[in-house]
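Let's take a friendly walk through some side chains and helices together. Please have the viewer open as you read.

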Amino acid sequence: METLDQIFVLAKHWLVARVPEPLAWLATILLSIGPLITVFASCFAITTIVERKALGRIQNRFGPNRVGPFGLLQPLADGLKMLIKEDLVPAQADKVVHLLAPFALVVPAWLTFSVLPFGRNMTVIDLDAGLLFFFAVGASSELAVFMAGWSSRNKYALMGAMRGIAQMISYEVPLVLSTVAVVMSVGSLSLPSIVEAQSAYVFGMPTWHVFTPWGLSGFILFLIAGAAEANRAPFDLPEAESEIIAGYLTEYSGFKYALFFMGEYLGLFAITGMGITLFLGGWTAPVSFLATTPSWFWFFAKFGAIIALFIWVRGTVPRLRMDQLMKFAWKFLVPLTLVNLVVAAFWHFSGTWQFPGAIFARWLLGAGFIGGAYVTLGRALHTNQFPPRVYAYAE
Amino acid sequence: MRMLSDIPIAFLMIAAVTLVSAVCAMSLRNLVHCGLCLVLTFVGLAATYLHLSAEFVGFAQVLVYVGAVAILIVFTILLTRNAEVTLSPVSQSSLVGLGIAIAVCGSLVLPLVTSPSLRRLPAQSLAPDAQVQRIGEKLMAQYVIPLEALALVLTAAMIGAVVIAMRDDPERNDPSPSPQNQKDTGSVSNSPAGTALNSSSSTSSSQRP
Amino acid sequence: MTPLHYYLIFAALLFSVGLAGALMRRNAILVLIGIELMLNAANLNFIAFWRYSPTANELVGLMFVLFSIGIAAAEAAVGLAIIISIYRHHRSTQLQHVDRLKG
């Protein structure tokens, strides 16, 4: 079991030992990056076909079923089609920026994976400030969106980019604030040590952060803000096809479009991996008697579950309007994450309570506080008086 | 003749990229290109901080400058309709500015090159103990008053920026479809980004030829 | 290791580039970019001196840069808000057009 758990680490060490000494550093780097790219590129392919199938079922149709058995080779066909398509660049476009934009999106997306722990001892680099690195690198995707939208010389592309940047800036605040509660509780920014802090078991049950009142609400807030940060439905306004064609992707075709597509999915994967690491115990098993099973298996099991949740949400929740989007971020999510910080502090300091049933009292108080804030904010922001819609350019 | 290993190749590469992009950021004709070159300069500086084993500051630099300041700058460029303007070339009077800058550069670099006491290596060859935990403890103990002051400054700047950039006379400026809605979003989003969004949605249809 | 004066020369050159831009260019946004460059050059000096000092474990230079980054963010936000409001009044961000005290 121990060997199976560490099989990838051992394989890497065995391979590095076969390489001559002066090149060992290069082998280490390649053997860390190579599997990472292979695994998540195949995750990307699998997710696209699963998503199209699942969305088809939700919308009462078949989804792709022509290429290969059950249409399972569809990603391959799509990839081939993208590669051999002509790469169109608008005549007025800013050629250099137009070319650089997809790379500016994909490269940071890959970089964010380097700090995620995929299993025991399976982190590419264990940075002391790993969480900060994740958000710092993730923040640069806004710039790629701007570059794509501006360089296309297309008003829909520009509007999509403006929407995208405004949305990303707004939802980055609740995203980071909801992770601060975890950092407060663990006392470290290093992701492996955050997982270690959740690896204990009490009465056979794991001590994941999601099983605390602040962790539960923090996880939900993180997923909502993360979906917006990754431009997922119902927050996919930057590329809302029924409003502004395809947003900043309008003037992209062929391989560059495929890169953008991949960058968006990689962003979603990174957010999912981060959510698992922070709140769902990373690679730890859900019950103690399974603790000897391979750690990487649990990471990818949770990963698949969260991706399935995102697909389900995409199939069921309608898209927001732009002003609703902004209002939701600044008036609802940000105050709730701040309250969540207070609840996390309460949970931390009430850890010394000794009387019988203290755990229930702590749960009740914590959940009551965050729930009260939720109800109060919801009531305060809910108005039935929508102003009449004015169609300024349609009359 | 020095040994090849004495030449700090990594540093020289980072410095060259940073300086070239800084010069581009200050000299290109298209303002958006200037903004994008500025981003490259910030990333190069962050790399220099990492090279100096200041991890936390390097990441903070990327987060604040690339993620916030650069985005603000390009938003402002778009908002002030500067994206399409190609700027006038350097005029006669600005040669005075160039002269001043060269004089400052000379007076800074000359002492640096000639001073022998600056040709030193780090006092401790190992990286200093700049763990995030120690930075946090310092911030919360020794530097807690500056930290609180900085929090006040940032709050004041945020409110100030919103107040300055907010439209003070909505009836004069543009034929906005729903002024109620516009004002609402502008006050919510707490940054010029929110204001930018409003104006963009109402003006960008006329922005392109 | 790189000797200290390499970093200092790098910072001095960066400062000069920022200064030249701030003095030569006529656009308010470019002037602001120049000021940001000068601020960053100063930060680089702080980090370099911190790394090469015998008391690096006290983290003084590092702390200074952290605070300086915070201040720079506030400065950029307010500066750009001022530029936007100047643009509203004068329909231009060229500094030579903004020479009247009466708005």
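Which residues do ring pairs link into a cluster? The members are A:Phe40, A:Phe44, A:Trp110, A:Phe113, A:Phe118, A:Tyr257, A:Phe261, A:Tyr265, A:Phe269, A:Phe299, A:Phe300 and A:Phe303. Please keep in mind that this is a predicted model.

## Aromatic pairs in chain A

Over all chains, the structure holds 37 aromatic pairs.

## An aromatic pair in chain B

Now turn to chain B, where the rings of B:Phe42 and B:Tyr65 have their centres 4.5 Å apart. With 40° between the planes, this pair is tilted, because tilted covers the range between stacked, under 30 degrees, and edge-to-face, over 60.

The pair links B:Phe42 in helix α2 (residues 31–51) of chain B to B:Tyr65 in helix α3 (residues 55–79) of chain B, 23 residues apart. B:Phe42 is buried, at 0% relative accessible area, and B:Tyr65 is buried with a value of 0%.

## Arginines over tryptophan rings

Have a look at A:Arg153, whose charged end sits over the ring of A:Trp150, 5.0 Å from the ring centre. A:Arg153 belongs to the loop between α7 (141–151) and α8 (155–186) of chain A. Its phi is near 55°, a positive value in a residue other than glycine. With a relative accessibility of 27%, A:Arg153 counts as partly exposed.

Another arginine, A:Arg362, lies over the face of A:Trp347, 4.1 Å from the ring centre.

## A loop asparagine with positive phi

What is phi of A:Asn60 near? The value is near 60°, which is positive in a residue other than glycine. You will find A:Asn60 in the loop between α3 and α4 (74–84) of chain A. A:Asn60 counts as exposed, at 73% relative accessibility, because exposed means over 50%.

## Helices α6 and α8 of chain A

Helix α6 (residues 130–139) of chain A packs with α8(A) at an angle of about 175°, and the axes are 12 Å apart. The two helices are therefore roughly antiparallel to each other, since angles over 145 degrees count that way.

Which residues meet here? From α6(A) come A:Leu131, A:Phe135 and A:Ala139, while α8(A) brings A:Glu172, A:Leu175, A:Val176, A:Thr179 and A:Val183. The residues of this contact divide into six nonpolar, one polar and one charged.

A:Thr277 lies in helix α12 of chain A and counts as buried, at 0% relative accessibility. Setting aside residues up to four places away in sequence, A:Thr277 touches A:Leu116, A:Pro117, A:Leu191, A:Ile194, A:Val195, A:Gln198, A:Gly282 and A:Phe299. One of these, A:Phe299, is also a member of the aromatic cluster.

A:Asn340 sits in helix α14 (residues 322–349) of chain A and is buried, with a relative accessible area of 1%. Beyond neighbours within four places in sequence, A:Asn340 is in contact with A:Trp214, A:Ser217, A:Gly218, A:Leu221 and A:Ile370.

## Sequence and space

How many residues apart in sequence are A:Asn340 and A:Ser178? They are 162 residues apart in sequence, and 7.5 Å apart in space from C-alpha to C-alpha.

For a pair in chain C, take C:Ile35 and C:Trp50: they are 15 residues apart in sequence and 23 Å apart in space, C-alpha to C-alpha. C:Ile35 lies in helix α2 (residues 28–52) of chain C, and at 34% relative accessibility C:Ile35 counts as partly exposed.

Definitions and conventions:
Residues are numbered from 1 along each chain as its sequence is written. Chains are lettered from A and ligands numbered from 1 in the order in which they are written. This is a predicted model: local features need pLDDT of at least 70, side-chain atom pairs count only at pLDDT 80 or more; totals for chains, interfaces and linings use all residues. Side-chain values use heavy atoms; hydrogens and water are left out. Rings of Phe, Tyr and Trp (its six-membered ring) pair if their centres lie within 6.5 Å; planes under 30 degrees apart count as stacked, over 60 as edge-to-face and the rest as tilted. Helices (H or I, at least four residues) and strands (E, at least two) are DSSP runs, numbered from the N terminus. Buried means under 20% relative accessible area, exposed over 50%, partly exposed in between (1.4 Å probe, protein chains only). A charge sits over a ring if NZ of Lys or CZ of Arg is within 6 Å of the ring centre and within 35 degrees of the ring normal. Axes are lines fitted to C-alpha atoms, for helices over the stretch in contact, and angles run from 0 to 180 degrees between N-to-C directions. Angles under 35 degrees count as roughly parallel, over 145 as roughly antiparallel, 65 to 115 as roughly perpendicular and the rest as oblique. Contact means heavy atoms within 4.5 Å. Ala, Val, Leu, Ile, Met, Phe, Trp, Tyr, Cys and Pro count as nonpolar, Asp, Glu, Lys and Arg as charged, and the others, Gly among them, as polar.
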